[in-house]
Amino acid sequence: MNKPEVASYGAWRSPITTDLITSQTIGLGQIFLDGQDIYWSELRPSEKGRNVIVRLKDGQNQDVTPAGYNVRTRVHEYGGASFLVVDGTVYFCNFADQRLYRQSIDSEPQPITPEVAKRYADAIFDRQRQRIICVCEDNTVAGQEAVNTLVSLGLERDTTPQQLVGGNDFYASPRLSPDGSRLAWLAWNHPNMPWDGTELWVAEVQADGLLGKAQKIAGGLDESIFQPQWSPDGTLYFISDRTGWWNLYRWQNGSVEPLTQMEAEFGKPLWVLGTSTYDFESGDRIICSYTQQSIWHLASLDTTTKQLESLPTPYTDISSLHAAPGKVVFIGGSPTESTAIVQLDLASKKLEVLRRASEVKIEAGYLSLPQAIEYPTADGKTAYALFYQPQNHDYTAPVGEKPPLIVKSHGGPTAAAGSSLNFRIQYWTSRGIAVLDVNYGGSTGYGREYRQRLDGQWGIVDVDDCVDGARYLVERGEVDGNRLAISGGSAGGYTTLCALTFRDTFKAGASHYGVSDLEALARDTHKFESRYLDRLIGAYPEQRQIYQERSPINFTERLASPVIFFQGLEDQVVPPNQTEAMVTALRVKGVPVAYLPFEGEQHGFRKAENIKRSLEAELYFYSQIFGFELPESIEPMVIENFKS
C-alpha cells in the first residue's frame, strides 16, 4: 500500500463522485408481495427522478411501469403507498395527472379514475366486492383546503369514487378483515400530526358495500396509533405509544391487550403512507422491527406466548417490512452497505439481496463509519447524534490541522438520522470534511418524551442541540472550531437558518428548501402540515409574536455568515418565496450569498443533474469560504458579496 499523501482537509481526491451518486444509485421505496412474486418501487435520478415498479418473478427483475409514467401520489404531498398488485394486475397512481391506473403485465396502463383534481393513495383490494378502497384527497375546489375521505372505486374506466368515511381532516391505513366483513382505519384532525394523536376505528361492511356504525378502538389526542393490521384469524393488531413508546397491541373480545412492553420504538412517524414495521408470517407469528438508540432490529413475536425472539441480521436500518409464510422481505441498510431489498428465509436464516440501491463497491479505506454519541445540551438534557470522521486511506492531514465540520440537521423535524451507508455523507468525509448527523430533541426513535421536547420550542431546542453538538466536538479536539458549517433541508433548513441568525457558532451554512418565515409557512403550506406549527410554535394568529420572533427573515441584520440556498421552484411544502426572501435580504445587507433554483423540482431533488449540481455547488461554496483547494474541477458559481 502506498504511503498516504499529505493534504489539507477538504482537499482530498475521492472516488465517491457526484456521477457515482446520481448515475449509479437509485432510491428504494414501497414493497408489495403478490403470491410468490415480489414488487417494489425504484426512484431513478437518471430518468429525471421517475418512480418505476419492478417485479421479481422466477429470479428475474422486470420493469413493470412503461416509459412516460411515474408512480407517485401527492396525497399529503409526501405520498407513499402509491401502488398495489392483485393476482398480477397492478394498480398505481401516476404523478403527472394523479389518476389511478390499472395495468396488466403485458398491457398499457388504463386510467380508472376521472381526470379531475383528486388524489389517491394507501389502497387495498376488496375481493368480495371487486373494488378498491383507498384514501382520497379532493382538491377540486380552488382556494379551499383539500377534503380527505376514504372511498371505494370500481375497476372500470372513469369510475366515480363512493365515499365510505368522511368528516375527519385526515385518514390513513384502511384495512379489511380477512373475511371482508369489517374495515379498520386511522383518522386524526388538526392541529395533530399522526405522531401526536390518531384514532383507530372499526366498522362493519354492509351488504351494499357501505359501512355500518363505527366504533373507536384506541387512540386520541395524545395517543398515536400506527399500522393497524388484521391477523389471518381476524384479530386486529396495531402499534400505540400510550406508554410513551410505540409498542404492539391487539384488540380482541372487546379489549386492548399489549404484546410488547419495551423502551423501544416499533413504529415510525407517518410522513409517508403505507409505512410498515411488522407483518404476519402466519396466524401465530409476527415478524417485526424496532429501534433502540438509532439502531433497528429484526425479531419474531409469538402471538400466543408473547415471546419476542431476535432475528440477527447485519442491518442497522430496517423499513418497509412485509412477510409471507416462511419469509420476510424488507429494505435493509448498514454503515458498510447501502440500502437493499432483502429477503430472509426464516427456516434457514439465509439472507438474499434482491436489489441494491447502489451496485458500486467502495473500498473500506474510503468509508467513514458512524459513531453514536451522546452529549450534554441545554437545561441539563442529553442529545444524540452520529459522528463521521474524515476517512480516506490515500491521504493524511498536516500535523496539527483539524478538519472542517458540517452539522447536518434532518428534516421533519419529526424524523431521524439513519445509520445506513449514505454516499451523500461519504462524499464529504472522503474529502476530509467531518459530519455530525444530529438527532436533536424532537427526533423519533427515543420515545414520546424526547419527541415532545420540541413542542413549543422549534427553533430553540433543535438549534441548541446542533450548536452544542458542534461545540462538544470542538472541545474534544475532533474538529476545527473556526470551520464549522451547518446544513439542512426543509425543517432542517429552518434549523440551519435559525442557527446562523440567532447564534454565532457556525461560520457558513447551506439551506436546502428551508423555512425562513414561520408566518408565511403557517399561511401558505399544504393541508397536511398547515397546523403542524400549532404544537411546534403555538396557535396562529393568537401567538403571532412568537412566530415573528423565531423567523430568521425578520432578523437578517443578525446574520453575518455566508449562506448558500437551494430551492425547487415547484415546491408546495416550502414555497420558493421562503428562500427568495432570504436571498434578497442577504444581498441587500452585503452578506456573501449564493442561490441555485431548480425548475421542475418539488420538495426534495429527484433529478440526477440537480442532485449533482447541488452537491458540487455546496462543496465549491465551502472551499471558497473555508479556504481549501479542490483537487478536482467543479463548475464554479457566483457567490455574491464575497471577496476571496
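The second largest pocket of this predicted model has a volume of about 320 Å³. A pocket is an open set of points on a 1 Å grid over the protein atoms alone, where a 1.4 Å probe fits and protein lies on both sides within 12 Å along at least five of seven lines. Its volume is the space filled by probe spheres set on the points, which are joined across faces, edges and corners.

**Lining of the pocket**
- Sixteen residues line the second largest pocket, and W245, Y384, Y446, E449 and Y450 are the closest to its centre; a lining residue has an atom within 4 Å of a point.
- Two elements, β31 (382-388) and α3 (448-451), each give two or more residues to this lining.
- Helix α3 supplies the largest share, three residues. Helices (H or I, at least four residues) and strands (E, at least two) are DSSP runs, numbered from the N terminus.
- The lining comprises four nonpolar, seven polar and five charged residues. Here Ala, Val, Leu, Ile, Met, Phe, Trp, Tyr, Cys and Pro count as nonpolar, Asp, Glu, Lys and Arg as charged, and the others, Gly among them, as polar.

**Strand β31 and its partners**
- Strand β31 is largely enclosed by the rest of the structure, because six of its seven residues are buried (under 20% relative accessible area, with a 1.4 Å probe and protein chains only).
- Six bridges pair β31 with β30 (residues 371-376) in the antiparallel sense; strands pair if DSSP finds at least two bridges between them.
- Within this pairing, A383 of β31 is the bridge partner of Y375.
- The two strands β30 and β31 form a hairpin with five residues between them, and D379 in the turn has a positive phi of about 60 degrees.
- Strand β34 (residues 434-439) runs antiparallel to β31 and is joined to it by five bridges.
- In β34, N439 stands opposite Y384.

**A four-stranded sheet**
- Four strands form an open sheet with antiparallel pairing, in the order β14-β15-β16-β17.
- Strands β14 (170-176) and β17 (211-219) are at the edges with a single partner strand each, so one side of each has no neighbour in the sheet.
- Strands β15 (residues 182-188) and β16 (residues 199-205) are antiparallel and share six bridges.
- W201 in β16 is the bridge partner of W185.

**Basis of the values**
- Residues are numbered from 1 along each chain as its sequence is written, and side-chain values use heavy atoms, with hydrogens and water left out.
- In this predicted model, local features need pLDDT of at least 70 and side-chain atom pairs count only at pLDDT 80 or more, while totals for chains, interfaces and linings use all residues.

Methods: Buried means under 20% relative accessible area, exposed over 50%, partly exposed in between (1.4 Å probe, protein chains only).
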